[in-house]
2 protein chains.
Amino acid sequence: MTMNVVDKLIENTIRTKNPSVIGLDPDIGKIPACYKNHAKSNHPFEAVANVIYAFNRDVIDTVADLIPGVKPQMAFYEKYGSYGVAAFEKTVAYAKSKGLIVIEDAKRNDIGNTARAYADGHLGCVELLDGSCAPSFDADFLTVTPFLGSESLHPFIDVCVKNSKGIFVLVKTSNTSSGEIQDVVTSDKMTISQSVAKYVSEQGDTFTGEHGYSAIGAVVGATYPEEAVSLRKLMPKSYFLVPGYGAQGGGAKDITPCFNEDGLGAVVNSSRGILYTHMNNEEREQCTRQEYLLSVKNAAMQMREDIYSALKREYRKMIY
Amino acid sequence: MTMNVVDKLIENTIRTKNPSVIGLDPDIGKIPACYKNHAKSNHPFEAVANVIYAFNRDVIDTVADLIPGVKPQMAFYEKYGSYGVAAFEKTVAYAKSKGLIVIEDAKRNDIGNTARAYADGHLGCVELLDGSCAPSFDADFLTVTPFLGSESLHPFIDVCVKNSKGIFVLVKTSNTSSGEIQDVVTSDKMTISQSVAKYVSEQGDTFTGEHGYSAIGAVVGATYPEEAVSLRKLMPKSYFLVPGYGAQGGGAKDITPCFNEDGLGAVVNSSRGILYTHMNNEEREQCTRQEYLLSVKNAAMQMREDIYSALKREYRKMIY
């Protein structure tokens, strides 16, 4: 049994006593006004990208000792085209330089040949005019959608094995309409979610790490705690990425079924709840950088305390 | 009834007598050696991106009068990070400057709030530090995945209405494992594909263009002609994007069920079949630019002839 990327996530979790990550979802309408002087470009997209990166750096510096990792959401960077994507690349590199695990939330996938290009470009190795090298994104984990079936997932699983990376496959998403497809019952009397879970579990079985968890993980929303119970049983060794806590309505008691007895097996994400909801628009217009970052730190500490104490109550055998 | 983006696609189709687009899927391992002198950068990703853009420009110039549009596949650009994405942006702009319709194949989607960011960033309007503007991608159409349900599709439909753009929702993909989720039968005795098709049809009904087709379209693979028959009936007014022709095994007779009696209602894509399969590795190493582009032109003309004649045989009422 060799160390995999989940072991690194687990070690960070144990060290910080925190199974939660912060979603870096930069929203220029909500980033405090005090960051706007970082624009420093006449190109409107580059100006936004510069503000985003300055903001992310500060947030990362503020929470790096408190959390095991971050989850930047690609949609909020891609909005600003190649400039935004460059800010994403710099954010990933900066977070990694601080020892944080980076979960790239991009929900990519396509047919086999194209899935291979996404897998190589986000987690694998890309061909150059001469030779090859690691891609510029190079996160630790990538979220992946299973709508095109197992053929589309194989290229991602291949690069995970080869490059010691991980994926979180969408199994049960946190949004209100997730059931329209994901809750449909198949001829095996399982929901689509359960059927994808079974596949995720089987694929991960062959390469679990030192802590017994596989790098082929699952996205399971905090907003569906009952489904989480059955999914946890179907995927005992898979790590869960749990969105939906905080701004989306999931509380600490909703996320406990996503974990195992050891207090491991899941990492909870909050984005808006940490970055934006603790100050109103007016406060974000007027606050200093120090005031804003203190509020981020407090929100992150509160989330840690909320989740950690809920797990301690539920799981007596928790190992941290 | 006002003109929508599908009307533009249809007008280009009628003018060129061609319901097929070319997939711009740059693969640096297969781009002819004669393009390598366009690298002109010491940054390895920028060098690849420069070669990709030079290649795309030549391909676009060669086929612009023969085809209604192009379908660049984002995965092959994103591989090279922000440099690759910049080549994508330039490719979209160049294709549009030649009057071509651009279908961005990126299969994006996420939960509502994030789906809105993707919709704004690819088809809508993005917030700046001061004001707002069109995004840098700004294609005519975007492919979108429905795995997260209707809540995740609404933001895309909203921007289509507001900005006269279009989407193709994945309904039945061309790959071998597409059925694992897409063929599962729901409690309404429809497959997931048919259920998504019903939604696509209903959403499009309210804003069809001058030719009677809606801008909320569907991806329906050429590799499943029987499914295409039922999907065509479920979505009479939706435009189909039909991948899987050529390198993936679909032939001209397989794509006819995707069309309506008027010879409209679908646009067939071929990527590898036009760009790479008509020359072997050795030929691509040794050919001149002129020789390569002649082979691309011939492949595009052959595809047009193949599809056009199959439609003429099948549909006597074809309007072009």
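What is the handedness of the crossing where α2(A) passes α13(A)? It's right-handed, and we'll come back to that pair of helices once the overall layout is clear. Keep in mind throughout that this is a predicted model.

Let's start with chain A as a whole. Chain A contains 13 helices and 10 strands. If you draw a box along the principal axes, the C-alpha atoms of chain A fill roughly 55 × 55 × 40 Å. How does that fit with the length of the chain? A compact globule of 320 residues would have a radius of gyration near 20 Å, and chain A comes out at 19 Å, so the value agrees with what you'd expect for a compact globule.

Now back to the helix pair from the opening. In chain A, helix α2 covers residues 44-63 and helix α13 covers residues 289-314. Their axes lie 10 Å apart, and the two helices pack at an angle of about 50°. Because of that angle, α2(A) counts as oblique to α13(A). If you want to find the spot on screen, look on the α2(A) side for Asp58(A), Val59(A), Thr62(A) and Val63(A). Facing them from α13(A) are Arg289(A), Leu293(A), Val296(A), Lys297(A) and Ala300(A). Sorted by class, this contact has 5 nonpolar, 1 polar and 3 charged residues.

Another helix pair in chain A is worth a look: α8, residues 192-205, and α9, residues 225-234. Here the packing angle is about 30° and the axes are 9 Å apart. Angles under 35 degrees count as roughly parallel, and that is why α8(A) is described as roughly parallel to α9(A). The crossing of α8(A) and α9(A) is right-handed. On the α8(A) side, the contact is made by Ser193(A), Gln194(A), Ala197(A), Lys198(A) and Ser201(A). The α9(A) side brings in Glu227(A), Ser230(A), Leu231(A) and Leu234(A). The class count for α8(A) with α9(A) is 3 nonpolar, 4 polar and 2 charged residues.

The residues involved include Val59(B) of α2(B) and Leu293(B) of α13(B).

Finally, let's look at where the chains touch. How many residues of chain B are in contact with chain A? The count is 58, and they meet 58 residues of chain A. Several elements of chain B give two or more residues to this side: α2, α3 (75-78), α4 (81-97), α5 (112-122), β4 (126-127), α6 (150-163) and α7 (179-182). Which of the elements gives the most? That is α5(B), with 6 residues. As for residue classes, the side of chain B that touches chain A has 28 nonpolar, 20 polar and 10 charged residues.

Terms used. Residues numbered from 1 in each chain as written. Chains lettered and ligands numbered in written order. Predicted model: local features only at pLDDT ≥ 70, side-chain atom pairs only at ≥ 80, totals over all residues. Contact = placed C-beta atoms within 7 Å. Helix = DSSP H or I, 4+ residues; strand = E, 2+ residues; numbered from the N terminus. Axes fitted to C-alpha atoms, helices over the stretch in contact; angles between N-to-C directions. Parallel < 35°, antiparallel > 145°, perpendicular 65-115°, else oblique. Left-handed = near helix turned anticlockwise from the far one by under 90°. Nonpolar A, V, L, I, M, F, W, Y, C, P; charged D, E, K, R; others polar. Rg over C-alpha atoms; globule rule 2.2 N^0.38 Å.
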